[in-house]
Amino acid sequence: MPYYCAEQETLDRDSIEQLQRRKLDALMTIVRDSNPFYKDKFEGLSFDPMVDPVSQLPFTTRAEIQADIDAHPPYGTNRSCALSECVRLHQTSGTKSGQPLRWLDSEESWSWCTTCWRIVFRAAGVQDDDVVAFPFSFGPFIGFWMAFDAAQLLGNRVLAAGGMTTKARLRYIIDNDATVICCTPTYAMRMVEVAAEESIDLASSAVRMIIVGGEPGGNIPAVRQRIEAGWGARLFDHAGMTEAGAWGFECLESPGGIHIIESEYIAEVIDPDTNATVADGQPGELVLTTLGRSSPVIRYRTGDLVVLTRDQCDCGRCFARLEGGIQGRIDDMLFIRGNNVFPSAIEAIIRQFSEVAEFRLIADHSGGICNLCIEIETISSAKAAGLEDRIANKVRDKLLFRPDVVSVKADTLPRFDMKAKRLVHTNRSG
Ligand SMILES: [Zn+2]
């Protein structure tokens, strides 16, 4: 059964929109009544969710939420319930745009979050007898906590694999016959690398599925291929964020894209410069409204660049689908010799070279222009003669600029258990 909630997941387009309006109507009543942040924000606004398009509501930005938390520490006022009703606290990593954002959930809200993850698991074909492993630090980062609880609620045996070395995690996964792994694409590749060093044969393990998220890698073809080959397992991408929960999944039937859970979210795509809605099929920034959370976001600018389509999928869902998943973070876009370039586009090229174990992008902004240097570390057994030139040429052919590519010694580039930080800016003003 590829659905968690077949009744809602198989609705036609009109019925999805009606359902969204009803849920938005209920949400607006709640926030106007009991959520100080949105009560203030919507003061004097005339808006009827059953009639008016959601685009008439103002956007919510991360900076606004941050400012509210700063003004009302430690949690801000975006909460539709009493603090005493909140049972979960999580926070963002805070590495990109300043301080971490703290996020609270009531029990009901957490249940909504895990419902979204139950939809993700069922869409990937997770069965009752799957054993789901989480090689994850279990710190305050929200991502796989939700998944952990959701898998348990589905009746799966769950393995918490925090606080171990990568080698110990691999043994734990194999010894306990895990069949499903949830992690970042970066860490799925890191485990393949360590398995090769330790002569551990992952392809003959019981693992049949890797569900990844947190980075664009799951939908970069060369990354996907490397993970699937290394594990002998099918990869499924999913998408989520602290502020919005697990909002997207890849279905069994149509690899290479992410459905938005439109029974629980309203999705829009806008031009990030003009804020105008863009047509389906055109790139733009994803804007999300959560329809079931105690700390909701309404028209939240995610900063993710996507291309959305709304054709019915082979899986039977009419949920909107993001072609190729998340293309990249708008903030991460580099402007190099007249071209806009996402780090994910560079990674898509580098990962085609199986000799490369790890890489790092150094964006040097000296003199007001951006020059890119790619540092590469090769796997120990690789014959890598001329590899730097081959990578530089391939980047030039595909992306129309030729970066500097330099090899560094083994084990000098950082490795990551969670989201990777492979882009470094130098000499950047402002
Ligand atoms: Zn589908």
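1. Basis. Residues are numbered from 1 along each chain as its sequence is written, and side-chain values use heavy atoms, with hydrogens and water left out. Because the model is predicted, local features need pLDDT of at least 70 and side-chain atom pairs count only at pLDDT 80 or more, while totals for chains, interfaces and linings use all residues.

2. Zinc donors. The zinc ion has four protein donors: Cys 251 through SG, His 259 through NE2, Cys 313 through SG and Cys 315 through SG, at 2.1 to 2.3 Å. A donor here is an N, O or S atom within 2.8 Å of the metal (3.2 Å for Na, K and Ca); water is not among the atoms, so sites may look incomplete. Along the chain the donor residues follow the spacing C-x7-H-x53-C-x1-C.

3. Zinc geometry. The arrangement is tetrahedral because the angles subtended by the four donor atoms run from 104 to 114°. The cut-off for that label with four donors is that all angles lie between 85 and 135 degrees. For comparison, the ideal angle for four tetrahedral donors is 109.5 degrees.

4. Helices (H or I, at least four residues) and strands (E, at least two) are DSSP runs, numbered from the N terminus. Cys 251 is buried at a relative accessible area of 1%, and Cys 315 is buried at 3%. Buried means under 20% relative accessible area, exposed over 50%, and partly exposed in between (1.4 Å probe, protein chains only).

5. Cavity lining. Residues lining the largest cavity include Ile 65, Asp 68, Ile 69, Arg 102, Trp 103, Leu 104 and Ser 295. The lining residues divide into five nonpolar, three polar and three charged. In this division Ala, Val, Leu, Ile, Met, Phe, Trp, Tyr, Cys and Pro count as nonpolar, Asp, Glu, Lys and Arg as charged, and the others, Gly among them, as polar.

6. Helix α4. Arg 62, Ile 65, Gln 66, Asp 68 and Ile 69 are buried in α4. Viewed down the axis of α4, its buried residues fall within an arc of 160°, so they line one face of the helix. The arc is taken from the directions of the C-beta atoms as seen from the helix axis. Ala 63, Asp 70 and Ala 71, on the other side of α4, are exposed.

7. Backbone points to check. Most residues other than glycine have a negative phi, and most peptide bonds are trans. The peptide bond from Pro 73 to Pro 74 is cis, with omega near 0°, and Pro 74 is in the loop between α4 and β1 (86–91). Asp 177 has a positive phi of about 55°; Asp 177 is in the loop between α7 (166–175) and β5 (180–183) and is partly exposed at 48% relative accessible area. Arg 299 also has a positive phi, near 55°, but lies in the loop between β11 (283–290) and β12 and is buried at 3%.

8. Strands β10 and β12. Ala 267 is in strand β10 (residues 265–270) and Leu 308 in strand β12. Ala 267 is buried at a relative accessible area of 6%, and Leu 308 is buried at 1%. Their C-alpha atoms are 9.2 Å apart, with Ala 267 and Leu 308 separated by 41 residues in sequence.

How values were computed
Four donors count as tetrahedral if all angles lie between 85 and 135 degrees; four count as square planar and six as octahedral if opposite donors are over 155 degrees apart and all others between 65 and 115; anything else is irregular. On a 1 Å grid over the protein atoms alone, a cavity is a set of points where a 1.4 Å probe fits but cannot get out, and a pocket is an open set with protein on both sides within 12 Å along at least five of seven lines; lining residues have an atom within 4 Å of a point.
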